[in-house]
Amino acid sequence: METVRILCFGDLLGAPGCALFQKYAQQLKRAYNAQAIIVNGENAATNGRGISPKQVEMLRHAGAAMITGGNHIFQQKDILLFFDQQGPNPYLLRPANFPSICPGRGIGIVSLDDGTKIGVINVQGRVFMQQHLDCPFRAVETALSFLRTQTPIIIIDFHAEASSEKAGMGFFCDGKVSAVVGTHTHVQTADERIFPRRTAFISDLGMTGARDSMIGMKVGTVLPHLLSQMPGRFEVENKGPFVVSGVCLEVEKETGRACSIERVSVLDEDFSF
Ligand SMILES: [Fe+2]
Ligand SMILES: [Fe+2]
C-alpha cells in the first residue's frame, strides 16, 4: 500500500532553533524520504516567547508545511493580525481549544503535489497548564468531525505538560488519527510506539535548540529563579552544542493508519550562526 512520510519537529527554541531548522529541514527531509514537515513554532521568536510573522515566513521558506503553536503562541503582538490574514487554508495554527474569540484556528490541511492531504490538529492539555481551556478531548472530536470528511491522514500536535494526559489523548485517538505527537516539555521521550488500532504516538518530540540549557534557556537565568523564587528574566541559550529533535512517521495514504514512527535526534557540536 502506498504511504506518505511526514517529519514532525518539536518546539524550535529562539534564533538557534530557527537557524537549525533552516540548516537541517531539507537535509532530513531527503534523508528520511519525507514528503512534508510539521514543526512546533511556539518558541521560535528570538526571545523564545511566541513567533512573529518574520519567523513564520522563514520557516515556511525552509520547508515547514504546517507550524503549530501552544501556550506561548500569542506572545508576539504582531502575530495576532497575521493569524486572521491567513485566509481559509492556514499554515500557522494555535491550539483548537482556546476560546473561539482568539485569533486563528487549530485545524489545518497540508496539500501535497500528488493530491494527498494531511490534516493537522493543534490542541493543548490542561493538566499543570491553563486549566480553563476547553476540554482538549472534545475539541479533538469536533475537529475530527470536519477533518475526517477531508482526509484519513490526520496528525495531532498535543501541546501538554503531563505524560499521563498525553497518553490519554493517544489512547482516545487510537484508530481515529494517524498520529498523536506531544510537544511543550522540550524533552524528547523514548516511548514512541504504534497503538493497537494503528495510531502512532510519542509523549514528546523534544526541542530544537541549545542542548546545555534548561529546556532551551540559559541556566544562569533560570536556576537563580528556582533557588530564590525571585522574579527572573529568562534568556535563550545561543551557545552549542545543539540538538534537533522530532520523529519521522510513515502512514498509509488510503487508510491513514500508521506504519512506523522513528525518533529523529541530531547532535550538532560545531554549529554557529
Ligand atoms: Fe515550548
Ligand atoms: Fe509550551
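In this predicted model, Phe128 is placed in the loop that connects strand S5 to helix H4. Although Phe128 is not a glycine, its phi is positive, at about 60 degrees, and the residue counts as exposed because 10 C-beta neighbours lie inside 10 Å. A positive phi, near 40 degrees, is also found for Ile215, again a residue other than glycine, which belongs to the loop between strand S10 (209-210) and helix H6. Ile215 has 19 other C-beta atoms within 10 Å and is therefore partly exposed.

The loop containing Phe128 leads from S5 to H4, and these two elements, S5 (residues 117-124) and H4 (residues 136-147), form a right-handed β-α-β unit together with strand S6. S5 and S6 run parallel and are joined by six bridges, with Val120 standing opposite Ile155 of S6. S6 is in turn paired in the parallel sense with strand S7 (residues 179-183), over five bridges, and here Ile155 stands opposite Ala179. A right-handed β-α-β unit is also made by S6, helix H5 (residues 163-173) and S7.

Strand S6 (residues 154-159) is largely enclosed by the rest of the structure, because six of its six residues are buried. Ile154, Ile156 and Phe158 point to one side of the strand, whereas Ile155, Asp157 and His159 point the other way, and all of these residues are buried. In soluble globular proteins, nonpolar side chains tend to be buried together. Beyond its neighbours within four places in sequence, Ile6 is in contact with residues including Ala34, Ile38, Ile118, Ile155, Leu249 and Val251.

Strand S11 (residues 242-252) contains Val247, which counts as buried because it has 25 C-beta neighbours inside 10 Å. Apart from neighbours within four places in sequence, the contacts of Val247 include Cys8, Val181, Glu192, Ile202 and Leu205, as well as Ile261, Glu262, Arg263 and Val264. Val247 and Ile155 are 92 residues apart along the chain, and their C-alpha atoms are separated by 12 Å. In the loop between helix H6 (219-228) and S11 lies Pro241, and the peptide bond from Gly240 to Pro241 is cis, with omega near 0 degrees.

Methods. Residues are numbered from 1 along each chain as its sequence is written. Chains are lettered from A and ligands numbered from 1 in the order in which they are written. This is a predicted model: local features need pLDDT of at least 70, side-chain atom pairs count only at pLDDT 80 or more; totals for chains, interfaces and linings use all residues. Helices (H or I, at least four residues) and strands (E, at least two) are DSSP runs, numbered from the N terminus. A residue is buried if 20 or more other C-beta atoms lie within 10 Å of its own, exposed if 12 or fewer, and partly exposed in between; C-beta atoms are placed from the backbone. Two residues are in contact if their C-beta atoms, placed from the backbone, lie within 7 Å. Two strands pair if DSSP finds at least two bridges between them. A crossover is right-handed if, with the strands pointing away from the viewer, the path from the first strand over the helix to the second runs clockwise.
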